[in-house]
Amino acid sequence: MEAVRLILASRRALAGSGDASAILTEVWQAQALAQAIGSRLAVSGPPELRGEALGLTELAGRGCGVLDVPHLDPGDLRAAQLTELDDARQALLCLDGLLGDVGISLVGIASAAADEGVYWQCMEAIDAADESRDRVREMLRKLAAREEALPEREPG
């Protein structure tokens, strides 16, 4: 499935999550998807994005690692459904929004957490989501600089 469609599905699922457990599952899914997109861009994306994409892969992996792994059927793992990344810019714009939603959702869970372990788990996941979002924004900046540097085509 195409990256933008998967990201939009993740945003809808996160927005529709009710309790903390469901939200944390969707946060994990979003981080796993960010990791897969970063990996795809690191391997086959524009050369100027590869370093930042590798960083995104590592940070999003850390975001998954600080959360408990949800019990998902293999077919429900959105990251595993990623088959296409047609438009890097559009995918990164959407991923930026998803990671913002992840941070907001985690703040809500952390604020209401009665358990100190859940609170600190959320704090680490917030940090990973914020750093992942910084990488996404840096890749968007590099894409914009690349587009500005391309010579304008003369009308034919």
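Predicted model: local features only at pLDDT ≥ 70, side-chain atom pairs only at ≥ 80, totals over all residues.

Colleague: At the start of H1, which backbone nitrogen does a side-chain oxygen of Glu2 reach?

Modeller: The approach of the Glu2 oxygen is to within 2.7 Å. The backbone nitrogen concerned belongs to Val4.

Colleague: What covers the buried residues of H1?

Modeller: The buried residues of H1 are Ala3, Val4, Leu6, Ile7, Ser10, Ala13 and Leu14. An α-helix has 3.6 residues a turn, so residues three or four places apart point the same way. The cover over the buried residues of H1 includes helix H2 (20-44) and helix H4 (88-112).

Colleague: Is Gln29 buried or exposed, and which backbone nitrogen does its side chain reach?

Modeller: Gln29 lies in helix H2. Its relative accessible area is 2%, under the 20% cut-off, so Gln29 is buried. Leaving aside residues up to four places away in sequence, Gln29 touches Leu72, Asp76, Leu77 and Arg78. At 3.1 Å, the side chain of Gln29 reaches the backbone nitrogen of Arg78.

Colleague: How far apart in space are Asp130 and Gly103, C-alpha to C-alpha?

Modeller: Asp130 belongs to helix H5 (residues 116-149) and is partly exposed, with a relative accessible area of 39%. In sequence, Asp130 and Gly103 are 27 residues apart. In space, their C-alpha atoms are separated by 7.0 Å.

Note on methods. Residues numbered from 1 in each chain as written. Heavy atoms only, no water. Buried < 20%, exposed > 50% of the residue type's maximum accessible area, 1.4 Å probe, protein only. Helix = DSSP H or I, 4+ residues; strand = E, 2+ residues; numbered from the N terminus. Contact = heavy atoms within 4.5 Å. Polar contact = N/O pair within 3.5 Å; in protein donor to acceptor, adjacent residues only side chain to side chain.
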